[in-house]
Amino acid sequence: MKVRYKVNRILLCLCAVLSLTACNGSAEKNKDVTTQEATSQPNRSAEALEDTEDEAESTAEPQEDLVPIGQMYTTDRVNVRTEATTDSKVYKKLDRHAVVDILEAGDEWCRVLLDDGEYYIASKYLKEKSENSNGYLVVIDAGHQKKGNSSQEPIGPGSSVMKAKVSSGTSGKTSGLAEYELTLQVSLKLQQELEDRGYEVIMTRTKNNVDMSNIDRADIANSSDADAFVRIHANGADDTSTNGAMTICQTSGNPYNAKLYKKSKKLATYVLDELVASTGCKKQYVWETDTMSGINWAQVPVTIVEMGYMSNPKEDKLMASEDYQYKIVKGISDGIDKFLN
């Protein structure tokens, strides 16, 4: 009986020891697991965050590339705005003839690339720039016409002094050419030369059988906001020995457009100097007068070019020749280049 009791006590103690050892082992194991989870959790969080950022980057919309579709130039001093509305902030101002890169062209506004940013300019102040365009506009007026118009028009805006709308001009004593024919021949060559140099050119006429007053011709230059209005003419005199070229502009006291005197005088001077240099003709002078209705009605820099005297046999024959006409054209073009550039 005692022996069985002792054996039971021993077995009971052994069970207790085994149970305690098992519990300690389990606790240690749980501790290791917890420690492992705790140390591995930050790594998993960083990886998860990185995965999320990668996903965000892959789903974000790429920024639109600002790629110009062409170029235009400004026809006046203009406001560059931050939005396509006149109520928006003015980013900066651009001077006339500034070349801008166009991102999108609309009827009212053009979206432009400027200083690596996207801005807006009113479409009416922009003109398309061709590949070789220099951004300048010249209006050429081939003087006179086949049949003159003796009807009267004011010599200047608001003037009571009247003058014939347009005459048929003089004629060559040797060549037999009418002045209106000669001026158109030279004007068409001048148009081609200026366009080859990158100018935009508007002709007041391209044929002889027209009816255009001097006011009509000036209006074309004004409405197009020309950078230069060049009127091609030839001279005549009773003295057949008189020869040479001259140009004409308004006086500094012109009652209609005196503000343009300095520019017109500069244009007239450059054109005359270069015309003489190109042709070798006699240089007369820049005649300043307020008697020319085609000048008085102009609101842009203007000059009349008297290429030579059709009343002089030698000069008349020269002006009728292709070779000399091209020399005239080169001289006038060189003068316009100097004036505008």
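Select Y119 first: this tyrosine is buried, with 15% relative accessibility. The model is a predicted one. A search of the whole structure finds 2 aromatic pairs, and Y91 with Y119 is one of them: the ring centres are 4.1 Å apart and the planes meet at 15°, so the pair counts as stacked. Colour the strands next. Y91 belongs to β3 (residues 90-94) and Y119 to β6 (residues 117-122), so the contact ties together parts that are 28 residues apart in sequence.

Move on to Y136 and Y199. Their ring centres lie 6.4 Å apart with the planes at 40°; stacked needs under 30 degrees and edge-to-face over 60, so this pair is tilted. Y136 sits in the loop between β7 (126-128) and β8, and Y199 in the loop between α2 (179-196) and β11 (200-203), 63 residues apart. Y136 is buried at 15% relative accessibility, and Y199 is buried at 4%.

For a charge over a ring, select K189 and Y326. K189 lies over the face of Y326, at 5.5 Å from the ring centre.

Last, check the backbone. Most residues other than glycine have a negative phi. H144 has a positive phi, near 70°. Look for H144 in the loop between β8 (137-142) and β9 (149-154); its relative accessible area is 12%, so H144 is buried. D225 also has a positive phi, near 55°. D225 is in the loop between α3 (214-223) and β12 (228-235) and is partly exposed, with a relative accessible area of 33%.

How values were computed:
Residues numbered from 1 in each chain as written. Predicted model: local features only at pLDDT ≥ 70, side-chain atom pairs only at ≥ 80, totals over all residues. Heavy atoms only, no water. Helix = DSSP H or I, 4+ residues; strand = E, 2+ residues; numbered from the N terminus. Buried < 20%, exposed > 50% of the residue type's maximum accessible area, 1.4 Å probe, protein only. Phe/Tyr/Trp six-rings, centres within 6.5 Å; stacked < 30°, edge-to-face > 60°. Lys NZ or Arg CZ within 6 Å of the ring centre and 35° of its normal.
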